[in-house]
Amino acid sequence: LMSLSPGCPFVISCIGRGLTAMSALLWVEGRLLGVAPAELRSLVFYGFVAFVGQALARHLFSVLFSASVPDMRVHTEKGSFCADTVLWVASGMRGWRDAME
């Protein structure tokens, strides 16, 4: 669903935030006035529950199926050339490029 359009994650985020705000607003309205139809309150509440459920499912899916973290140790190589007149040092974290692609 997220790969259907470049703007799809933004739209889903806006819908989720709107449902969250409307759910809270309609809950307060239902406690104070009770003018909004019960069907609207139910629809917004269950839409909010579905949004939270899909967000939790996406998070669990990404945690369970994510790649392992690359080697975090810094490896350093040093040396010299031109009869020890030029010293050089190279440091890096091995395995990062493969893990991040």
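Is Tyr-46 buried or exposed? Tyr-46 is exposed, since its relative accessible area is 56%. The cut-offs here are under 20% relative accessible area for buried, over 50% for exposed, and partly exposed in between, with a 1.4 Å probe and protein chains only.

Before I go on, the ground rules. This is a predicted model, in which local features need pLDDT of at least 70 and side-chain atom pairs count only at pLDDT 80 or more, while totals for chains, interfaces and linings use all residues. Residues are numbered from 1 along each chain as its sequence is written, and side-chain values use heavy atoms, with hydrogens and water left out.

Now the overall layout. The chain has three helices and two strands, and their order along the sequence is α-α-β-β-α. Helices (H or I, at least four residues) and strands (E, at least two) are DSSP runs, numbered from the N terminus. Of the 101 residues in the chain, 10% are buried. Contact means heavy atoms within 4.5 Å. Among contacts in the chain with a separation of 6 or more, 26% are between residues 24 or more positions apart. The chain exposes about 8300 Å², and carbon and sulfur atoms supply 69% of that area. Accessible areas come from the Shrake-Rupley method with a 1.4 Å probe, and for residues only the protein chains shown count as cover.

Next, helix α1, which covers residues 8–32. α1 has 25 residues and spans 36 Å from its first C-alpha to its last, close to the expected 36 Å at 1.5 Å a residue. That expected span is 1.5 Å times one less than the number of residues. Which residues of α1 are buried? They are Cys-8, Ile-12, Gly-16, Leu-19, Ser-23, Leu-26 and Glu-29. The cover over these buried residues includes α2. After α1 comes Gly-34, with a positive phi near 75°.

Glu-29 deserves a stop of its own. Glu-29 sits in helix α1 and counts as buried because its relative accessibility is 16%. Leaving aside residues up to four places away in sequence, Glu-29 touches Gly-34, Val-35, Ala-36 and Arg-41. With Arg-41, the side chain of Glu-29 forms a salt bridge, at 3.4 Å from N to O. Arg-41 lies in helix α2 (residues 38–64) and Glu-29 in helix α1, so the pair ties together parts that are twelve residues apart in sequence. Arg-41 counts as partly exposed, because its relative accessibility is 25%. How many salt bridges does the rule give? The count is one, where a salt bridge is a side-chain nitrogen of Lys or Arg within 4 Å of a carboxyl oxygen of Asp or Glu.

On the surface, there is a nonpolar patch formed by Trp-27, Val-28, Leu-32, Leu-33 and Val-35, and together these have about 600 Å² of accessible area. Patches are made of residues with over 30% relative accessible area and no salt bridge; like charges are joined within 9 Å, and nonpolar side chains (Val, Leu, Ile, Met, Phe, Trp, Tyr) within 5 Å. Trp-27 belongs to helix α1 and counts as exposed because its relative accessibility is 53%.

That brings me to the aromatics. A search of the whole structure gives two aromatic pairs. The rings of Phe-45 and Tyr-46 have centres 5.3 Å apart and planes at 70°, so this pair is edge-to-face. Phe-45 is partly exposed, at 40% relative accessibility. Phe-61 and Phe-65 make a tilted pair, 4.8 Å centre to centre with 50° between the planes. Phe-61 is exposed at a relative accessible area of 55%, and Phe-65 is exposed at 59% relative accessibility. Rings of Phe, Tyr and Trp (its six-membered ring) pair if their centres lie within 6.5 Å; planes under 30 degrees apart count as stacked, over 60 as edge-to-face and the rest as tilted.

Last, the backbone between the strands. Most residues other than glycine have a negative phi. Where is Ala-83 placed? Ala-83 is in the loop between β1 (75–81) and β2 (86–92), and its phi is positive, near 60°. Ala-83 counts as exposed, because its relative accessibility is 75%. Asp-84 lies in the loop between β1 and β2, with a positive phi of about 60° although it is not a glycine. At 59% relative accessibility, Asp-84 also counts as exposed.
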